[in-house]
Amino acid sequence: MTTRRRELALVAGTGLTTALIFLLVRHSLVDDAYITLGYARNLAQHLHWGLIPHQVANTATSPLNVVLLAVATAAIRIVTGSADAVWAAGVVSVGLAMLMAWCWTRVARGLRLPFAAAVLGVALVLANPFLLSAFGLEVLLAPALLVAMLAAALERRAGWFGVAAGLTLLARLDLAVFVPLIAVATPARRAGWRKLLATAAAVAGPWFVFSWIYFGSAVPDTLVIRTLQRDIWGKWDFFNGPVMYATGAAGRPNAVALAFAPAVLGLATLVGWSVLRRSSRWGASDAVRRLGPAAGLGAGGVAYYLALSAIRPGPYHWYYVPPAAALSIFLAIALGTWLTEERARPGRDALAPVLALGVAALLAVGSAARDVKQGVPWRSPVFSTNFATASDYARVGRALRTRVGGATVGSYGEIGTLAYYCRCEIVDVYSHRGEAVQLIKHELDTASPVVKPVLELNYEWLDRDEKPPRLGYALGYRHGPGSGADVWQVHSRWTGAGHVRLIRLRSSPVAPIPELGATTSDRPRSSWRCPPDSSARRRPSPCATAAR
């Protein structure tokens, strides 16, 4: 088979595999994925930026992912008459995976890698259980853009590198850590900084300026929300989160080991490359020196993990995808380079690199086997900290639509799936700016002297007079079975059996702000309680679970 045909086979095979993966996981999307899908559907149908139909919000962490999903949703609506953002997630995921595979072919050409290295790099990313457990979020967008940046760096295309860098900032702002590390590790980029920066600014700048003026913040409100949610996880944070997912009654130790093993091997390989690159005893070959941009990508994965560990957000499982993907990609590139080098030396046995590639391939196969073991199709993700499965929340959301009409409903902390299927006014900090503004004002009041000027500049255009809405209903969650009117049984592996209750509020209280640890003055605090053990769970609950 010619090189061209193998590359086409890789791209097409990646697309087909991703389509099958989507069919495997589409019934098990996590709640945060539905937040993104809600934004996308509203944008596709009404050119409205928000989670719920009538409230503008700024809690979409990945604007680029929302726009891509919205375009796909609009196209599906034209063809089928239904604005189904879930199927749009499948379409976008297939396209992004194929883009990643195509960029891999460029990387393989630039570094003269064997075809097996490109296949391995794609497989290690796609089979990762953390990635599959976060479908619908930007977990495929991030690695696709990282490989695109790497390909542009290797081909010495400063302009295209800037385009990929700008799109990366729109995919997730915290991915910015990768851009300078790949650029600095690319000798040709050092002479093209002006073009790179100008292009990146032209791509990403307009959105951030628009967001700064229109939403009152250049960055999503989730930056503040996640910061104030640090303590709800108890002893767990991003740094030690993998231990949380591996231990306890709901732990998945084998899945965690398979998800992180390629990254750990990639880290060891990165250290080995760094020693070899600087060693005068062994002397680095030209092929080893050419790995600079790929090493910059791997170093970006390390820097990303260290940066988030310092910031200490909660251990949301999709946060682990960028560093795991970056180090896995570097591992595949390094092993492919090793094999190419050994084959090029007369009389040398290439058995060692072949065996190393085989071990890495077995890790990908093991991850795929673990993914399939979860069920066909999945009813719940391998990793999730939600109170209920997606199907449970979908059932509750559809029922709520007929119960509440146009009334405003307070959420207890998990809103994405309920809002998507209810299509009603469910509010919390993720859907209503009035609640988010209270958090932002609290953060401004308590910020350090160093951070406060930066926050004040970012929120210069913010309407600080927005207030939380008045509620007609509230949703409550409690562990264990429940009974009575407007009660729905739910279950998740993380929290076990529970029930959701719809509570009618006669006094129409103002929506609570749970992250502040207090409530508004015209609503008695004693009438509200958080779910049991919420301090060790995903989010606190702002609603009453005891009111009857």
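Glycine 301 is buried, with a relative accessible area of 1%; buried denotes under 20% relative accessible area, exposed over 50%, and partly exposed the range in between, with a 1.4 Å probe and protein chains only. The structure is a predicted model, in which local features require pLDDT of at least 70 and side-chain atom pairs count only at pLDDT 80 or more, whereas totals for chains, interfaces and linings use all residues. Residues are numbered from 1 along each chain as its sequence is written, and side-chain values use heavy atoms, with hydrogens and water left out.

Glycine 301 belongs to helix α16 (residues 292–311). Helices (H or I, at least four residues) and strands (E, at least two) are DSSP runs, numbered from the N terminus. Between glycine 301 and valine 321 the separation is 20 residues in sequence and 9.5 Å in space, from C-alpha to C-alpha.

The patch consists of Leu16, Leu20, Leu23 and Trp87, which together have about 400 Å² of accessible area. Patches are made of residues with over 30% relative accessible area and no salt bridge; like charges are joined within 9 Å, and nonpolar side chains (Val, Leu, Ile, Met, Phe, Trp, Tyr) within 5 Å. A salt bridge is a side-chain nitrogen of Lys or Arg within 4 Å of a carboxyl oxygen of Asp or Glu. Accessible areas come from the Shrake-Rupley method with a 1.4 Å probe; for residues, only the protein chains shown count as cover.

Leucine 16, located in helix α1, counts as exposed because its relative accessibility is 56%. Threonine 18 is also placed in helix α1, but counts as buried at 1% relative accessibility. A polar atom of the threonine 18 side chain lies 2.7 Å from the backbone oxygen of threonine 14.

Helix α2 (residues 31–46) has 16 residues and should span 22 Å at 1.5 Å a residue, in agreement with the 22 Å between its end C-alpha atoms. The expected span is 1.5 Å times one less than the number of residues. Because 14 of the 16 residues of α2 are buried, the helix is largely enclosed by the rest of the structure. Leucine 47 follows α2 and has a positive phi, near 50°.

Helix α21 (residues 433–446) comprises 14 residues and extends 20 Å from its first C-alpha to its last, close to the expected 20 Å. Ten of the 14 residues of α21 are buried, so this helix is likewise largely enclosed by the rest of the structure. Among the buried residues of α21 are Arg433, Glu435, Gln438 and Glu443, as well as Val437, Leu439 and Ile440.

Strand β5 (residues 496–504) is mostly covered, with seven of its nine residues buried. Strand β3 (residues 473–479) pairs with β5 in the antiparallel sense over seven bridges; pairing requires that DSSP find at least two bridges between the strands. In β5, valine 500 stands opposite tyrosine 477. Strand β4 (residues 487–492) also pairs with β5 in the antiparallel sense, over six bridges, and the two form a hairpin with three residues between them. Histidine 499 of β5 stands opposite glutamine 489, while glycine 498 of β5 is the bridge partner of valine 490.

Key:
Polar contact = N/O pair within 3.5 Å; in protein donor to acceptor, adjacent residues only side chain to side chain.
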